[in-house]
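Please read the report below alongside the sequence and the model, taking the headings in order.

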There are 2 protein chains.
Amino acid sequence: MRRTKVVLEDYEIPKQWYNIQADLPKPMLPPLHPGTGMPVGPEDLAPIFPMNLIEQEVSTERWIDIPEPVLEKLLLWRPSPLYRAHNFEKLLDAPVKIYFKNEGVSPPGSHKPNTAVPQAYYNKIFGTKRISTETGAGQWGSALSMACKMFDLECRVFMVKVSYQQKPYRRLMMNTWGAQCFASPTDLTESGRAVLAEHPDSPGSLGIAISEAVEDALMHENSRYALGSVLNHVMLHQSIIGLEAQKQLEKIGDYPDVVIGCAGGGSNFAGLSFPFVRDAIYGKNVKILATEPALCPTLTRGPFAYDFGDLAKKTPLLPMHTLGHDFVPAPVHAGGLRYHGMAPLVSHLVNLGFIEARAYEQISTFEAGVNWARTEGFIPAPETTHAIAAVVDEAMRAKAEGKEKTILFNWSGHGLVDLAAYDAYLTGKIQDYQFSDADMEKALRAIATHPKAEK
Amino acid sequence: MRRTKVVLEDYEIPKQWYNIQADLPKPMLPPLHPGTGMPVGPEDLAPIFPMNLIEQEVSTERWIDIPEPVLEKLLLWRPSPLYRAHNFEKLLDAPVKIYFKNEGVSPPGSHKPNTAVPQAYYNKIFGTKRISTETGAGQWGSALSMACKMFDLECRVFMVKVSYQQKPYRRLMMNTWGAQCFASPTDLTESGRAVLAEHPDSPGSLGIAISEAVEDALMHENSRYALGSVLNHVMLHQSIIGLEAQKQLEKIGDYPDVVIGCAGGGSNFAGLSFPFVRDAIYGKNVKILATEPALCPTLTRGPFAYDFGDLAKKTPLLPMHTLGHDFVPAPVHAGGLRYHGMAPLVSHLVNLGFIEARAYEQISTFEAGVNWARTEGFIPAPETTHAIAAVVDEAMRAKAEGKEKTILFNWSGHGLVDLAAYDAYLTGKIQDYQFSDADMEKALRAIATHPKAEK
């Protein structure tokens, strides 16, 4: 009987996270304070994040223990199964083996709880009573809602209004887990009221939602803000994906030639790939590939520069690939990939040559996603289809070259609450958007005034 | 580190289904032909089902081999994990251990593919090109859509109209897997047109949808009908759930005092419980409990009688507990439990005293479901909350009696595409319906003209 998956028992779950900062051949540039232009210190971040998470953010320890109460919650769905996609391989008819980590098995259906749970836990032991966050498509907001309920914290989610209206199921998920979800811009914050005063019908944006969530946290006692991607401690928490995958591949004596993940802020991509990037740093021959939407080509076209993480310039200046903090990507269905920037760690490793990037157009990704669903059964999230499109691409290259190849990718989440997007695709209502020269000029203008980041 | 779940490797998947017909202390009554009143033979069923499934329907072999191509597809999500619900146990604060089989890990999110895959396979090798079926909440229709695509069969689903409207995502799932889905009653069949003529606003029912699907299959060449519950071969295919659970419990040296499942047509309930019922038949002390909605109390109030499986009287007369083939349950959110009848095997085992039944009201089941989601993370389907309500009940009884108890139940599916129901509950818009004396009189009238079934 052929083998379809490799599972791990509870006791085989990794007990430590992997911190790639310990293995960087060249150190990262620091985040800068936009006012002073000086590196940001822990005390600058203290009003927003609890100090234990700030310590993780700047740590260069290679292995960091996962606290027991966090492990207990992660075990509700982890270790996630590693699959071999026999049926999709057959469809492609190429000389490839395709493995994937199924992160859709978590309660909200994506990799996001891997960091939501530890963030809620560290806030809890720090003394936080109440966490505010923003969410675009809703994956992060729903994961944090669940995690906060598990550690008895109040959770307030500012959801981009247009998503709030178009994706009711994600909001309902948050409510079911006991969180409050607001359509941003709201009249609960100064930032929100300012936007509403000028544009009463504003559909909202991630930039506005971040501003509201940060302000909401700053305005209240024992309140902190949480971010679901981009930051170093988020990449750290997600490393459990790749560590499990390595254990699972070891069990069957295999190792990938290519490791693939879709990248929005970078967290699911880094989660799977960083343990393999480590191998690459120490000389292993493994290709690491990040994929993104062609209309939001942060890694493939965005310059490396200091830029803000949000529209309202409330974050420190981060050294990253960016399309400009005021870039508003077209409304593609992969909402989780509509971000102007990229995790500084991912950006840095791209600069160092350990990570390649490739962009795919929306229609081709849905085609790959539907073919996947009709062979492997599981319906992927629109974000995940960007990784699958690259798998197809790599398989076709292997076929053309007549070379055998082993591919591993991160199946970051299922698409069961994104089915309206599939409906749009199946009824021919989806279009491809282009990143234009005008978009590029705008990006360059947006970062022109910041300190210069050098690779 | 405490243990949260027991997983099985691919090679540990059961290779045979368990057929409880081999162990019945007293044989079942046969289904009858409504015209002649004589037992139905294989040839009577041949226009509706392929002969290989009919053979399984009447088989009394104890163990039936699972064909290799079926195993290969089942391995996409099976063996499913057996969980220990530590967090929910803590909430209940009762002297109980709670285990559950997580059948929500399948691509459509329920136990239904366990029989959809073999049914599609047997139809395929029989030569069927096109399968018609009905679906209530959409779990069965989506599972069969996926299975048909895997074996390259055309799939047509008649979905109960009230669910079609309340649960658009289920229809979109079917479309994504390449099936056609219609809101029943439709004008595509004589049965549908008859209902619409009398009740243009009919919310539909499983009984009506079955009539339509059977008619649709009979009207076309190389076309067959598939049923997702009730029949013996469906219970057979679902037995893999209980067989896995027994292996998993054996690994940790445990055995349940109570086995619980919600019962609509009986398939998820039988799937988990029949291997344990077998133990009970051979003298083991284990309580088997089926739960149902108070407004559709088939097992707790329905007489045991010969009755039709559908409204239009297109099926044979089945010996079962029934509320009358013309009973249309109130539109509760647990659509999968809105069925007037019950699997003859389950009905028979209730009569023999091996299965108890209990009914729960809708609001109490949602309360249990929300408490579950807020402790264990996973959001249960509304059907599954009827099993959870019984778990709470059993735990409270154990607490009152000061007795330790080990509970095992079937977590038949997740509720991620049923979130509108949770919204209705959380905003106080859900009500409890009663099964009235008038309903009971109507049930007795509906079965009065059929041959008498004797326990």
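## Surface and charges of chain A

The accessible surface of chain A comes to about 15400 Å², and carbon and sulfur atoms account for 51% of that area; accessible areas come from the Shrake-Rupley method with a 1.4 Å probe, and for residues only the protein chains shown count as cover. Of the 455 residues of chain A, 66% count as buried, where buried means under 20% relative accessible area, exposed over 50%, and partly exposed in between (1.4 Å probe, protein chains only).

Chain A carries 44 positive and 51 negative charges, whose mean positions are 4 Å apart. Lys and Arg count as positive and Asp and Glu as negative, while His and the chain ends are not counted; the place of a charge is taken as NZ of Lys, CZ of Arg, CG of Asp or CD of Glu.

## Basis of the model

This is a predicted model, in which local features need pLDDT of at least 70 and side-chain atom pairs count only at pLDDT 80 or more, whereas totals for chains, interfaces and linings use all residues. Residues are numbered from 1 along each chain as its sequence is written, chains are lettered from A and ligands numbered from 1 in the order in which they are written, and side-chain values use heavy atoms, with hydrogens and water left out.

## Cysteines

Over all chains, a search of the whole structure finds zero disulfides, a disulfide being a pair of cysteine sulfur atoms within 2.5 Å. B:C148 is in no disulfide, and the nearest cysteine sulfur, that of B:C155, is 4.0 Å away. B:C148 counts as buried at 0% relative accessibility, and B:C155 is buried with a relative accessible area of 3%.
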